[in-house]
Amino acid sequence: MSAQLRAELLKQRTTRTNLGLVAGMLALVLAAVLLHGLLLPAENLTDGDDQVQVVFGWGEVLGALFAALLGAMTFTAEFRHGTIRPTLLVTPRRGQVVASKLLASVLIGAAFGLLSAGVAVGAASAALAARDIDVQIGTSDYAAVLLGSTGAGALWAAIGVGVGAVVRQQVPALVGISAWLLFVETVLIGDADLVGDLGRFTPGALGRAASGQEPLLAPGLALLLLALYAAAAAAAGWRATSRRDVA
Amino acid sequence: MTAAAISARSLTKRYRDVVAVEELSFSLPPGTVTGFLGPNGAGKTTTLRLLLGLAEPTSGDALVFGRRYRELDHPARRVGAVLESNDFHPARSGRDHLRALAIAAGVAATRVDDVLALVELSGAARRPVRTYSLGMRQRLGLAGALLGEPELLILDEPANGLDPAGMHWLRRFLRGFATDGGTVLVSSHGLAELAQTVDELVIIDRGRLVATGALDELTAGGRSLEDAYLELTGELS
């Protein structure tokens, strides 16, 4: 197993895909935090909950998104380029392939989440300081923002692996994940409130709650619930990979 | 008695309404080079995928060394296979591609440079695969198959994209591999090419076996391999 994990981590290091993902993630974090932190009226940014939700929380949102894309691509890139064939010829026990991709993605996804949150915290603090707005969040809030984002990145990476293993095709998988997080959850479930209170328990909302953006749901509980989604996605990915032929 | 390097027994693969392989049985004696022939769509690649555990048979058995591929303990040390000529990430170097496979296969890292030298790719090893010609990709694929020093090689159309020198190299390599006790199953469309390389033939058409045996027998009486093939597959009418 550890050999498969080391092979997977080497694959992750030897293309520039992950550098591109990190660059895209950080550029979006900076843009989102600075646009909100510098341009919103000051009265929207005075209390601690608002500050977490409107500026500090972007790290988690974008970290989770990019971690999920990374996780999905561990499978979709192999199908796209045909490397799935040599991968499975060397490791025909497919459960080991799924497990190694899950572990590698969880590790890298956690790093994505932490990095994204760290940059968001720095940029948010700078934006508020530039406008002489006092930061109203305490140590436990910072801990939730950073650790919650790390956990959400790890778990969303696992969700991405499951989606990638089931969908196999790169573009539909990546578009599907992005559309879910950026449109279905935020617009249909968030703004349009289509499912009411259940909207708090969608996987994207649980990631936000894990970083302290949802006053009604404790971060630890949110991570636990998000882990159930991750486990379900991983199981679906394992099932699809074990049962389906590879062309 | 040692198990045949490859044995297909009543092997059948159906995709919804299409029967790709039907009741196919053959086996390969060790130490031979066997040509796997058949028209496009005859089921050659499907058969190879079944043997290599990439696809599951609808019924029957596809065995390597008497076991299902997925149940081999160190598959890369028993079997090396190349199914497509371009199964590489374009941004990854040839060497890194092999390093990842070597780690997963539990093969010593030094073996990577050995196989690169063997297929004469050492000079290009650190370049991304997107800069490789088709012939170079064929050789990189072969290098990956050879990492584990396997006893059996399964190659699908390995001659595609090779120039005459590359073809000559491949032919000599396969002969040498068999002389050293290895077994080779190679599918190809290049009949004249195959006739100079193989000992045995397995010919299939529409998923069914049409002929199997030694090249000498099939081309007995001065008949060319091409004539024999066209007659057996009914392409000559």
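Predicted model: local features only at pLDDT ≥ 70, side-chain atom pairs only at ≥ 80, totals over all residues.
# Two chains, question by question

Biologist: Which residue takes a positive phi just after helix 9 of chain A?
Modeller: Look just past the end of helix 9 of chain A. There, a positive phi of about 85° belongs to A:Gly212.

Biologist: Is A:Arg168 buried or exposed?
Modeller: A:Arg168 sits in the loop between helix 7 and helix 8 (170–191) of chain A. Its phi is positive, near 70°, and it is not a glycine. Count the other C-beta atoms within 10 Å: there are 21, and 20 or more is the mark of burial. Therefore A:Arg168 is buried.

Biologist: At what angle do the axes of helix 6 and helix 7 of chain A cross?
Modeller: Two packed helices are described by the angle between their axes and the distance between the axes. Helix 6 spans residues 94–130 and helix 7 spans residues 139–167 of chain A. Their axes come within 7 Å and cross at roughly 145°.

Biologist: Which hand has the crossing of helix 6 of chain A with helix 7 of chain A?
Modeller: The residues of this contact divide into 19 nonpolar, 9 polar and 1 charged. As helix 6 of chain A passes helix 7 of chain A, the crossing is right-handed.

Biologist: Which element gives the largest share of the side of chain B that touches chain A?
Modeller: The contact takes 28 residues from chain B and 23 residues from chain A. On the chain B side, helix 2 (75–78) and helix 3 (94–105) of chain B each give two or more residues. The largest share, 7 residues, comes from helix 3 of chain B.

Biologist: How do the residues of the side of chain B that touches chain A divide?
Modeller: Chain B brings 28 residues to the contact. They divide into 16 nonpolar, 5 polar and 7 charged.

Biologist: How far apart are the centres of domain 1 and domain 2 of chain B?
Modeller: Domain 1 of chain B takes residues 1–65 + 152–237, and domain 2 takes residues 89–150. Their contact uses 8 residues from domain 1 and 6 residues from domain 2. Taken over C-alpha atoms, the centres are separated by 25 Å.

Biologist: Which residue stands opposite B:Lys13 in strand 2 of chain B?
Modeller: Strand 1 (residues 6–15) and strand 2 (residues 18–28) of chain B pair in the antiparallel sense over 7 bridges. They form a hairpin with 2 residues between them, and B:Arg16 in the turn has a positive phi of about 45°. Across from B:Lys13 stands B:Val21.

Biologist: In strand 4 of chain B, what is the bridge partner of B:Thr12?
Modeller: Strand 1 of chain B also runs antiparallel to strand 4 (residues 59–64) of chain B, with 5 bridges joining them. In strand 4, B:Thr12 is partnered by B:Ser59.

Biologist: Which are the edge strands of the open sheet in chain B?
Modeller: In chain B, 6 strands form an open sheet in the order 5-6-7-3-8-9, with mixed pairing. An edge strand pairs on one side only. That describes strand 5 (79–82) and strand 9 (208–214) of chain B.

Biologist: In strand 8 of chain B, what is the bridge partner of B:Phe36?
Modeller: Strand 3 (residues 33–37) and strand 8 (residues 200–205) of chain B run parallel, joined by 4 bridges. In strand 8, B:Phe36 has as its partner B:Val202.

Biologist: Is B:Leu152 buried or exposed?
Modeller: B:Leu152 lies in strand 6 (residues 152–156) of chain B. Beyond its sequence neighbours, its contacts include B:Ala5, B:Val64 and B:Thr183. Within 10 Å it has 21 other C-beta atoms, so B:Leu152 is buried.

Biologist: How many other C-beta atoms lie within 10 Å of B:Glu157?
Modeller: B:Glu157 is in the loop between strand 6 and helix 6 (164–179) of chain B. Its phi is positive, about 50°, although it is not a glycine. B:Glu157 is partly exposed because its count of other C-beta atoms within 10 Å is 19.

Technical notes
Residues numbered from 1 in each chain as written. Chains lettered and ligands numbered in written order. Pairing = 2+ DSSP bridges. Domains from an automatic or database assignment. Contact = placed C-beta atoms within 7 Å. Nonpolar A, V, L, I, M, F, W, Y, C, P; charged D, E, K, R; others polar. Axes fitted to C-alpha atoms, helices over the stretch in contact; angles between N-to-C directions. Left-handed = near helix turned anticlockwise from the far one by under 90°. Buried ≥ 20, exposed ≤ 12 C-beta atoms within 10 Å, placed from the backbone. Lists of a residue's contacts leave out its neighbours within four places in sequence.
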